[in-house]
Amino acid sequence: LYRRAIAIRERVGPHSPQLAASLTNLSVLLGRSGDAADEAEAERLLRRGLAIRERVFGQEHPEVAHSLHSLANHYQFQRKDFTRAEGLYERALRMREQYYERNSDRVAQTLNCIAALKRAQGHDQRSEELYLETLSIRRELSGGRHSETQKTAAALLRLYQKQGKSREAAQLKRDLSAWRREAPADATAAFLHASVRPNPPFSAVPEGFRLLHAVTGHQGYVLKHIAQESRANKVTAELGA
C-alpha cells in the first residue's frame, strides 16, 4: 500500500510533502525487517524525503526536523552508527525546540531517543538526566497513564537498576505500577503546550475570546499551523503579552 501511494504521489509531483510522508512511512516499515537490502532502501527513502522537505519548507522547519529525527532513528537502531545519529538528533532537537519550545511532546520525543543513545554509548549519567527531563515533560503534558510516559519510565527504571540505584528504582517502580493499574490513556493521543502571543497584544483576555489562526505563536507561527504541524489532537495555550 505504501508503494502504491508513492507511485500515485510521484505522478502528482516529485517534490510534494505528501510524497515525503509516504517515503518516510515505507522507510520505517523496511527498517524493521532486519534485511540488509531493506535497510539500505530505507535509508535512501529517508534521505529523499528529507531532501524534498528541505526543498519545500527550507532548512528550518518542523517537517524537516521530523525527517532528521526519523533518519537519526535509522542510524541508531538499524545501523548502530551512534555518531551520525547524535548529530541528526541534535539538529532535530534544535528545530523542534525553536518551533514548539522545550516543554512539548515533539521535543520530548527527541530527548527520549537521545537518552537511549547516550545509554548505548555508556554515558549513563547523561542518559539519566535526559530520561528524567523527558519523563517530566510527558507526565505534565499527558499524565502517567499515557503509554509514552510509561515507556520513558520503564527505560529509566532499567537504567536505575543497572546503576544500582535501588531507592530511585523502587520509587519509580511504584509509580509505574500505579499508572498501569489506572485506565490506560489513549495511546494515539498527542498533546502540545504552546506559548502564544496575541497580535496585536492585549493585557486582559476579552470576553468571548477564541484562539483562531490570527493568534501567533513562537517565531511568528500561527496557532492553527502549530496544531496542524504537530499532529497533536489537543493543544493548550499559555497567553502572554
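**Helix packing and cavities**

α8 and helix α9 (residues 166-181) pack with their axes 9 Å apart and at an angle of about 155 degrees. Axes here are lines fitted to C-alpha atoms, for helices over the stretch in contact, and angles run from 0 to 180 degrees between N-to-C directions. The helices (H or I, at least four residues) are DSSP runs, numbered from the N terminus. The angle makes α8 roughly antiparallel to α9, a term that applies to angles over 145 degrees. The crossing of α8 and α9 is left-handed, that is, the near helix is turned anticlockwise from the far one by less than a right angle.

This is a predicted model, in which local features need pLDDT of at least 70 and side-chain atom pairs count only at pLDDT 80 or more, while totals for chains, interfaces and linings use all residues. Residues are numbered from 1 along each chain as its sequence is written, and side-chain values use heavy atoms, with hydrogens and water left out.

Which residues of α8 meet α9? On the α8 side they are Thr 149, Gln 150, Ala 153, Ala 154, Leu 156, Leu 157, Tyr 160 and Gln 161. Their partners in α9 are Glu 168, Ala 169, Leu 172, Lys 173, Leu 176, Trp 179 and Arg 180; contact means heavy atoms within 4.5 Å. This contact comprises nine nonpolar, three polar and three charged residues. In this classification Ala, Val, Leu, Ile, Met, Phe, Trp, Tyr, Cys and Pro are nonpolar, Asp, Glu, Lys and Arg are charged, and the others, Gly among them, are polar.

The axes of helix α5 (residues 82-100) and helix α6 (residues 105-120) come within 9 Å and cross at roughly 155 degrees. That makes α5 roughly antiparallel to α6, and their crossing is left-handed. Contributors from α5 include Phe 82, Tyr 89, Leu 93 and Tyr 100, and those from α6 include Val 107, Leu 111, Ile 114 and Leu 117. By class, the contact of α5 with α6 has eleven nonpolar, two polar and six charged residues.

The structure holds two cavities of 30 Å³ or more; on a 1 Å grid over the protein atoms alone, a cavity is a set of points where a 1.4 Å probe fits but cannot get out, and lining residues have an atom within 4 Å of a point. The largest cavity has about 60 Å³ of space, a volume being the space filled by probe spheres set on the points, which are joined across faces, edges and corners. Eleven residues line the largest cavity, and the closest to its centre are Asp 105, Arg 138, Leu 141, Ser 142 and Glu 148. The largest share of this lining, four residues, comes from α7.

Conventions. Helices (H or I, at least four residues) and strands (E, at least two) are DSSP runs, numbered from the N terminus. Angles under 35 degrees count as roughly parallel, over 145 as roughly antiparallel, 65 to 115 as roughly perpendicular and the rest as oblique. On a 1 Å grid over the protein atoms alone, a cavity is a set of points where a 1.4 Å probe fits but cannot get out, and a pocket is an open set with protein on both sides within 12 Å along at least five of seven lines; lining residues have an atom within 4 Å of a point.
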